[in-house]
Amino acid sequence: SMQFRVNESLRHSQVEEDMKQAARLAIKESNEKARQDAEDVAKLEKEKRRRKRESMQFRVNESLRHSQVEEDMKQAARLAIKESNEKARQDAEDVAKLEKEKRRRKRESMQFRVN
């Protein structure tokens with residue numbers, strides 16, 4: 001009977017030890033899972049920030065590209081206006097020379113007839 005109680009006591013101690021061991025393992029696994037979940041969340045957040053940053057950079061680049069295109073168009077327009085003004089000035093000069101030449105010939109012709 002004494003041996004039985006000793007054996008029972010040892011058995012209960014072993015069961016208790018096994019339960020403690022199981023609890024420690026469960027806590028360890030739970031902590032590992034929590035750590036892994038935290039890592040996964042951190043990775044997702046990091047990826048989300050990276051995508052947002054790249055998206056913002058893309059928008060900035062697009063904006064800069066559109067600004068450059070707009071600037072190039074303005075530059076081309078200014079150049080076209082300048083060339084058009086230059087051509088108009090040249091045409092006006094040419095007309096003035098032709099008119100002057102016409103008047104000179106008319107004068108010479110009238111001079112010729114007088115003489």
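I began with a salt bridge, that between the side chains of Arg 78 and Glu 71, at 3.2 Å from N to O. I take a salt bridge to be a side-chain nitrogen of Lys or Arg within 4 Å of a carboxyl oxygen of Asp or Glu. The model is predicted: local features need pLDDT of at least 70 and side-chain atom pairs pLDDT 80 or more, while totals for chains, interfaces and linings use all residues. Residues are numbered from 1 along each chain as its sequence is written, and side-chain values use heavy atoms, without hydrogens or water.

I then looked up the accessibility of this pair. Arg 78 is partly exposed at 43% relative accessibility, and Glu 71 is partly exposed at 38%. Buried means under 20% relative accessible area, exposed over 50%, and partly exposed in between (1.4 Å probe, protein chains only).

Next I turned to Arg 35 and Glu 39, which form a salt bridge with their closest N and O atoms 2.2 Å apart. Both lie in helix α1, 4 residues apart, about one turn of the helix. Helices (H or I, at least four residues) and strands (E, at least two) are DSSP runs, numbered from the N terminus.

I also noted a salt bridge between Glu 93 and Arg 89, at 2.3 Å from N to O. Glu 47, Arg 50, Arg 51 and Glu 54 are linked in a network of salt bridges. My search of the whole structure gave 20 salt bridges.

Finally, I checked the overall form. The protein has 1 helix and 0 strands, and its C-alpha atoms fill a box of roughly 165 × 10 × 5 Å along the principal axes. Buried residues make up 0% of the 115 residues.
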